[in-house]
Amino acid sequence: MNRLVNCSCQYDELEGEIFFFLEYQNDAEALNAFLADLGVERCFKWLSIEDIKKNQTLKLHSSFVQLSAIIDLEKHIEESKIYHSLPLDKKGIYVLLVFRPNFNKGPEFDPFKDHTAALFYGIYRRNKETWLFYNAGAGEFPDEEISKHTKGKLPLSLPSMTV
Amino acid sequence: MEGLSKEYQQQSESKFSNNFCPRTEYNHFRKATVLLYRQTLGQTKFLFYSKGIDDSCLEVPQGEFRGVDSAITFTAVRAILEETYGLLSDSTFNKLAQNQKITKEDLFNPKVVQFLYAFCFLVYVHRVSHNLNFGKAHILQNG
């Protein structure tokens with residue numbers, strides 16, 4: 001969940017469908033070896049665009065085929081990295097401000113309440129936007145520099161509305 | 001860099017052109033697809049999985065948006081859990097990195113995930129929905 005919240009690259013220009021690009025470093029062979037021991041019918045495989053082009057017998061997921069026909073996937077990832085290296089004034093900064101004095105202090109984890117960012121980023125965030133999460137209840141506020149370049153603020157739950 | 005910045009500025013100007021974010025500006029995706037990638041030696045590779053050892057049909061985690069998801073981010077999480085039994089989670093990743101063995105207890109049963117999702121959604125409706133409505137109506141433009 002946290003990796004999706006912090007996802008720095010997505011493609012959202014296709015009608016009705018969003019693609020999240022997540023960096024993942026694990027070795028597929030190690031994963032497959034454990035899966036075989038457990039009797040789980042999943043086999044993971046890393047493939048480059050060149051591998052895919054060379055092997056025409058592979059039947060790839062239709063959404064992947066559709067997206068790779070529209071955009072250059074490697075270039076899209078690189079462009080997102082360039083965007084995130086831009087100075088603050090060149091970025092599209094949005095601030096999600098909550099008031100949660102007891103945030104993360106309780107013994108029980110509530111996947112919805114404790115993932116307010118995931119909920120609102122899912123509703124609003126688009127590619128090449130930087131969304132920042134602050135909990136005013138814990139004394140967290142955007143600094144002056146960030147405030148100066150913020151394009152939009154989403155104040156969520158005043159003290160009187162805290163759940 | 002200049003190009004990226006101008007493109008962004010045009011998008012943001014249309015998105016927050018007044019104090020209230022119009023309904024049409026919300027994301028309304030019906031499907032979420034997760035592409036896992038890694039970059040080594042200047043080459044980008046994508047992670048696929050097949051449902052059998054010799055299967056040439058290669059899949060990526062994908063989920064259809066359902067009401068219980070409430071936002072597309074949760075659809076993506078559900079897709080990863082349901083399609084890969086949670087094998088791509090951080091906990092499994094860390095275990096592999098430390099050469100620890102993965103056991104059946106580390107895996108998620110997709111049916112259990114669906115049940116938990118439905119349960120959590122009911123709790124969520126009661127506890128958070130008023131916050132959502134409040135937030136939607138109060139998008140403020142800086143300056």
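The following legends describe close-up views of a predicted model.

**View 1. The two domains of chain A and the contact between them.** The domain assignment divides chain A into domain 1, residues 2-82, and domain 2, residues 86-161. Six residues of domain 1 of chain A are in contact with six residues of domain 2 of chain A. On the side of domain 1 of chain A that touches domain 2 of chain A, the elements giving two or more residues are helix 1 (2-5) and strand 1 (9-11) of chain A. The residues of this side of domain 1 comprise three nonpolar, two polar and one charged.

**View 2. Helix 6 of chain A, a mostly covered element.** Helix 6 of chain A spans residues 116-124, and nine of its nine residues are buried. Among the buried residues of helix 6 of chain A are Leu119(A), Phe120(A), Tyr121(A), Ile123(A) and Tyr124(A), and the list also includes Thr116(A) and Gly122(A).

View 3. With 22 other C-beta atoms within 10 Å, Lys128(A) is buried, since the cut-off for a buried residue is 20 or more.

**View 4. Leu41(B) in a loop between two strands of chain B.** Leu41(B) lies between strand 1 (31-40) and strand 2 (43-50) of chain B, and its phi, near 50 degrees, is likewise positive in a residue other than glycine. Leu41(B) is exposed, because 4 other C-beta atoms lie within 10 Å, where 12 or fewer is the cut-off for an exposed residue.

Notes. Residues are numbered from 1 along each chain as its sequence is written. Chains are lettered from A and ligands numbered from 1 in the order in which they are written. This is a predicted model: local features need pLDDT of at least 70, side-chain atom pairs count only at pLDDT 80 or more; totals for chains, interfaces and linings use all residues. Domain bounds come from an automatic or database domain assignment. Two residues are in contact if their C-beta atoms, placed from the backbone, lie within 7 Å. Helices (H or I, at least four residues) and strands (E, at least two) are DSSP runs, numbered from the N terminus. Ala, Val, Leu, Ile, Met, Phe, Trp, Tyr, Cys and Pro count as nonpolar, Asp, Glu, Lys and Arg as charged, and the others, Gly among them, as polar.
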